Structures are given as C-alpha cells and as structure tokens.
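Subject: Structure handover

Hello,

Here is the structure we talked about. Please open it beside this message and read along.

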Amino acid sequence: MAGKAGALSDRAIVAVLCGGFFLLDFDLVVINPVLVPVSKDFGVGLGTVAFALTGYLAMVGIMQPVHGSVSDRVGRVRVLRTALVGLGVADLGAALAPNVALLIVGRAIAGGFAAALIPVTVAYVGDHIPMERRQRTMAALMSSSAVGAASATVVAGILTDLLNWRSPLLIPAIAAPLLAVVYARLPETPPVRDAAGPSARERFAQVLGDGWFRFFIPFTFIEGAAMMGLFNFFNAALQKHGSSVLMSGLVTSAYGVAAIGGSVVVKAIDARATGAGMFGWGTGLLFTGYLTAALTQSVAGILIASALAGLALAVGQSALQAWILEAAAPEVRGSATALIACSVFTGAAISTAAVGPLASRGDFGLLFTIAAAATVPVSIIGTLARIRFANSDRAMTMPAGPPPAVDREAPNSLN
C-alpha cells in the first residue's frame, strides 16, 4: 500500500489484524478448560458455570450486526479499538468476579465486545487489501484464530494447574487494551459523513434486498454448522475413548497447526486457483476429516480429522470470506459481513446444541457421520454458486476499495 511516511504496509496491517483474530479465539476458548475448576471454587453445578460460555457465544452472534453497522458510520478502526478496550475491561471483571453470577455477566459483556472483531475486521480487509490478495489475507486471519484457540486450551490448562482458574482470564484482560494501542496505527476507513446518509435499517435492507446475500445468509448458516460447529466434539470424543484431558488437547491442537500450513498453501496457489476451486477443496478436506472421525475416534483418527479441519478452515472458509467481500458494496460492507458472521455463528451454535444428546450418549460415530453428510451439500452448492458468481456481471463491476468519503443522499443499489 502506498502512503504517507509512517503508514503501515499491507503486510503490517495484516499482521495487526491477525493479532486481533488470535486474541478473539483465545478469549472465546479460554473459558472451556476452567469450567470444572470454577464450579468447584464457587460450589455450583457445571451446568450453571457453562452459562459463562453460552452467554459469550450468544452475545457474539447478537452484537455482530450492531458493530458492523456502526463501523459503516463512524469508521472501522474506531469500532475495533473501542471493542478491544471493552473486551479487556469485561474480562478483568470476570477474572476478579466474587461469584458465578458476575463471572457470567462479565463473560457475556466480553462476548458482546469481541463480536466486533469478526465483521469489522473482514470489512476492513475489503476496504484496504487489494482484491487479488484478499484470499490469502483471509487464510492468514483464519489460521491466526485457529492458533489462538489451540493456544488457549494449552495455556489455560497450564496456568490453572500452576496458579488458579482466574489467571488465564487475565491474559486477554491485559492483552486487549494493549492491542487497542497498536490498532491506532491502522489507517481508518472513511465513514459516511453526512447525517442524511443511509440509516442502519436502510443499509441492512440494502444487503437483504440483494439476491446474492439472500443466498449467502441461509447458505452460511448451514456452512457455519458444518465448518465452525461440529468439529468442537473432537476433544470430547477422545476423552470418551479414554484419552486424558492433556492428551486430547495436544491431539486436537493439530487443528491450529494445520491451519497455519493451510494459509501457506493458500499463499502459494492463490494466484493460480479459482475461488470455486479453493472452496471445493476446503469443504472436501472437511468432509474427509469428519468421515475419518466417524470411522474411528482413536488418537490417530482424531489427529487426522483435526488436521483436515484446520486445513479446511484456512482454504475453504477464507475462500468464502473473500467471495463475500467481492460481492458486498463498499458502503454497506460492514453491515453485510456482520450479517454473514452472525449467520455462521448462529448455525454453529444451533448445530452444536442439536447433536448434544448424541455426545452425551457417546455416539460420536453417528455425530461425525451427520457432520460429514451436512458438508456434502455445502460443498456442492457453494462450489457451483461460486462458479456462477465468477461468471456474472457483478464480479466484473463491483468496486473493490473503501466507500468514498463523500456526501451521499441515498445508498447505492447492490443490484
């Protein structure tokens, strides 16, 4: 990116954004290993403590459209920095909570702020990263999030053993405000300046009125169920078959390692591969991983499944995000990516709840068979739709850059 003295290069911008995605997934997952210690400390049931996780996930889904819409009006960086500070304060409150109720409230508030990091970051990539480099950028973000999740599992286990369950929560509480300072170096996206510009309702209506986004929203709901939800049972399957918590964490951390490898692959082949091909390969890898886990929940089987799921995240999910950025008009990009992210996380949450009874019975073979079956239509429909989009006039005419910082009387049509 050309720019003024002291401006960050594209590579530096991506590195900063990867730090945010790492922190996001670290914060999301860090509560999981400490649920049992918290229940013992406060003398309450595990089901009660689990609301700290449920509240976080619910707020991540609910608040994404809010943050995305606000970022269209006031600027992406301002929203991201505010969210990071809020996340840190909320996690500090959760870490110091004197009872389980305040822990749950603190984590729910943290989730509400963390929700900004997904849609606003994706919209920011669309604003500032050239189209030909967006796929590899999204792969880098996906791999950073996977590494954050894997790191949280290991770090939380170690710190809880050495100190207590509160210490892991202090890591995002301290890191998030520090990262907000770093985010101040990012160039801001020009917001819509005039009060007469499109309202939040009008921007969402503009997105929902577009035929491609009427396809994306239900499609990403199902894709999120397959790609982002059901792989979370790999760890439980290992433990059910006799592996220790430590061994299960080490095996499933292959997800993060493979995601890094996948981002390297994306970078190497991005210039030659089509978006449809990347999505098809990514979902094909996920299908193979689930099928492997359905056949065997041994250490070797889950290791292979975890690695394939991590590769799928870097290759397939990044291809989907790049596609959505290509389809979204710049002036509503934050609103569009927020709606899609909300759909993905809602699908993941509902799918996880739906197969919960199978996990409770230990019927992981059937659970992963269902996951593999759900991946098939996602792969076929998504690949064919991506080909159709690439051949449409839309792919040739949609502007790639940030929204112009000029007065607008009415939103531009997406159609």
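Helix H15 (residues 275-295) packs on H16 at an angle of about 160°, with the two axes 7 Å apart. Axes here are lines fitted to C-alpha atoms, for helices over the stretch in contact, and angles run from 0 to 180 degrees between N-to-C directions. H15 is therefore roughly antiparallel to H16. Angles over 145 degrees count as roughly antiparallel, under 35 as roughly parallel, 65 to 115 as roughly perpendicular, and the rest as oblique. The crossing of H15 and H16 is left-handed. A crossing is left-handed if the near helix is turned anticlockwise from the far one by less than a right angle, and right-handed if clockwise.

On the H15 side, the contact includes Met278, Phe279, Leu285 and Ala293. On the H16 side, Ile302, Leu308, Val315 and Leu320 are among the residues involved. Contact means heavy atoms within 4.5 Å. By class, the contact of H15 with H16 has 15 nonpolar, seven polar and no charged residues. Ala, Val, Leu, Ile, Met, Phe, Trp, Tyr, Cys and Pro count as nonpolar, Asp, Glu, Lys and Arg as charged, and the others, Gly among them, as polar.

A word on the source. This is a predicted model: local features need pLDDT of at least 70, side-chain atom pairs count only at pLDDT 80 or more, and totals for chains, interfaces and linings use all residues. Residues are numbered from 1 along each chain as its sequence is written, and side-chain values use heavy atoms, with hydrogens and water left out.

Now the overall picture. The chain has 20 helices and zero strands. Both are DSSP runs numbered from the N terminus: helices are H or I with at least four residues, strands E with at least two. Of the 415 residues, 55% count as buried. Buried means under 20% relative accessible area, exposed over 50%, and partly exposed in between, with a 1.4 Å probe and protein chains only. Among contacts with a separation of 6 or more, 87% come from residues 24 or more positions apart.

H16 also meets H14 (residues 254-269). Their axes come within 7 Å and cross at roughly 40°. H14 and H16 are therefore oblique to each other. H14 passes H16 in a right-handed crossing. The residues of this contact divide into twelve nonpolar, six polar and no charged. Tyr255 and Val266 are among those on H14, and Leu303 and Leu313 among those on H16.

Next, the core. The largest nonpolar core has 114 residues. Such a core is a set of buried Ala, Val, Leu, Ile, Met, Phe, Trp, Tyr and Cys residues joined through side-chain atoms within 4.5 Å. Phe213, Phe234, Tyr290 and Phe368 have the most contacts inside this core. Helix H16 (residues 299-327) gives the largest share, twelve residues. What does Phe234 touch, not counting residues up to four places away in sequence? Phe234 touches Thr252, Tyr290, Ala293, Ile302, Ala305, Ser306, Ala309 and Phe368.

A further helix pair is H4 (residues 51-74) and H7 (residues 117-128). Their axes come within 7 Å and cross at roughly 35°. Val60, Gln64, His67, Gly68 and Ser71 of H4 meet Ile118, Pro119 and Val120 of H7. That contact has four nonpolar, four polar and no charged residues.

- Asp127 lies in H7. At 4% relative accessibility, Asp127 counts as buried.
- Leu17 lies in helix H1 (residues 10-29). At 1% relative accessibility, Leu17 counts as buried. Leu17 touches Thr121, Tyr124, Val125, Leu141, Tyr183 and Leu186, leaving out residues up to four places away in sequence.
- Asp363 sits in the loop between helix H18 (356-361) and helix H19 (364-390). At 30% relative accessibility, Asp363 counts as partly exposed.

Best wishes
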